[in-house]
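Open the model in your viewer and get ready to select residues by number. Each stop below says what to pick and what is there.

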Amino acid sequence: MKELENTSQSVPKGKRFCTICGEVKRVHYFEGDSTHCSACCEKMLHTRLNARYIPFVLVLLAVLAASVFLSVQTVSFCRGFLPAREAMRDKRLTDANELYADMISGASERNARLLVGGNPDDGGSIPAPTWTFFEPGARTWARYLDTYAMVYSTYDASSVAQSSLDAETCARVRMIADLYKAKQAYEDTLAYASEVEAAHPFEGAENMPFDEIIGDLTAHADKSGSRFVKGYIEYYKGMAAKFYKADDPSFSAAYFENMLRYLPNDFMTAYTAEADAAIQAQDYDAAIGAYEKILEKNRNETDAYLSVAEMAFLGGNDEKRTAALAHFDEDDPQRLRMEMRFALRSGKLDEAVNVRERAARTADVKAEEIFNKMLADQAIDTDNRTVLLNYLSYAVENAALALVQGDAKTAFTIAYGGAFNYAYYYAYLTNDSGAFSKPLINIATLCASLVKDQDALKAIREIGACDATTQDLIDGKLKMTMRELFVERKAEII
């Protein structure tokens, strides 16, 4: 070998070096230009895998295949974090919360699909998983609950955690453990606030012992080291101030703002309370300001835009109203509902009719398509569910327009034949009775009574009774024209 490594030496003529065994042999031991001698080639041809290693190799290959498959599935699962984080950065908290919710709820379906190879059964559905491959981790749950608290409230997020996660998991994750502390603090503070109210009885704002109540609440907060207790105490101070000085929304707003020093995620609770106080004082500009604070935190809080439009209409601010409605597509049932309502309240029936005609080309057609698909599939997805429920609210206003026009039959067709029928089958298929809002029950009952359809009345009453005002109208105890009811708003049933 030393001689071969020495580049000054060469292989003798008529011989060749075998790169396998390292020997120098005559050329006839090599086939063609091969660098392997015939003896080494023969040994390689007869090389066999030892049988006792075959099971090990098979297991190794199976594990490798499974890891590759699960890695592919995991990558697609984890990619859901990217749009959720982007939504958070863009202050689209509702979208972020829904994306995290989809990741959590989608894990079970992903497990089921892995078990059956992605193939649904004869009924078109995926069977429930019997094994768990994917399970949302603590970080995913923490982000979901954090956005949930901001979209709704800390208390609501705690309720979700308590109903979805085991106590041991919650205790390990600080953010989730804090939710439990918040819920307990809320319940304890509510109980204490009730005790304070009972200890200082009063009949009205004029004889309310406001200072004594605030003093007791402040003392309770000072004794506690919990930020949750301090925050909820500020909330109850604000509620007391709202009652005490109903004509001055800024008085209670100061307490609601203090609440956010301790509970920054509960801006929905604080700013909604501020808006309610402003509405109570008929300070519509202040109410708009409160709703705009919500939108600064969460750009796609749909209800806040609708509330801004409502307050702008009441306050005569056409610019604000137009800007708020511009966040919705022209054929969005929510925008159609608000435009119909504003036209009716303004007594502009021609504008209301224009809204109806626009809806007939868009929202009416879409709602019927969704309804027929729901019946065919015996199910409805989230997006179509939202559109259908919003359409029901529009239909209530549309039926009111028909009543103002003196067309009870058309109103009955809209309210009962359309909206109530949609809500009935929606509730039947989804087991969700939320579609039967009080305005829908009221208007459907009123229309069925006007056309004297006893079968319709029976069907409606099996779902729920109308309110007392609607029943007084039907019984003739409340004398009022449809214009006085829906245009002048001398009574509220929708």
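**Stop one: a charged pair**

Select Arg 92: with a relative accessibility of 22%, Arg 92 counts as partly exposed. Keep in mind that this is a predicted model.

**Stop two: a buried pair and its network**

Next, select Arg 341 and Glu 310. Their side chains meet in a salt bridge of 3.0 Å, N to O. This pair links distant parts of the chain, 31 residues apart. Arg 341 sits in helix H17 (residues 333–345), and Glu 310 in helix H15 (residues 302–315). Are these residues buried or exposed? Both Arg 341 and Glu 310 are buried.

Together with Glu 310 and Arg 341, they are linked in a network of salt bridges.

**Stop three: another salt bridge**

Pick Glu 484 and Lys 490. Their side chains form a salt bridge at 3.3 Å, N to O. Lys 490 is exposed, because its relative accessible area is 52% and the cut-off is over 50%.

**Stop four: helix H6**

Select residues 138–151, helix H6. Among the buried ones are Trp 141, Tyr 144 and Tyr 148.

**Last stop: a negative patch**

Finish with Glu 98, Asp 102, Asp 381 and Asp 383, which form a negative surface patch. Asp 383 lies in helix H20 (residues 382–404). At 61% relative accessibility, Asp 383 counts as exposed.

Methods:
Residues numbered from 1 in each chain as written. Predicted model: local features only at pLDDT ≥ 70, side-chain atom pairs only at ≥ 80, totals over all residues. Heavy atoms only, no water. Patch = residues over 30% accessible without salt bridge, like charges linked within 9 Å, V, L, I, M, F, W, Y side chains within 5 Å. Areas by Shrake-Rupley, 256 points an atom, 1.4 Å probe, with all protein chains shown as cover. Salt bridge = Lys/Arg side-chain N within 4 Å of Asp/Glu carboxyl O. Lys, Arg positive; Asp, Glu negative; His and termini not counted. Charge placed at Lys NZ, Arg CZ, Asp CG, Glu CD. Helix = DSSP H or I, 4+ residues; strand = E, 2+ residues; numbered from the N terminus. Buried < 20%, exposed > 50% of the residue type's maximum accessible area, 1.4 Å probe, protein only. Expected span 1.5 Å × (residues − 1).
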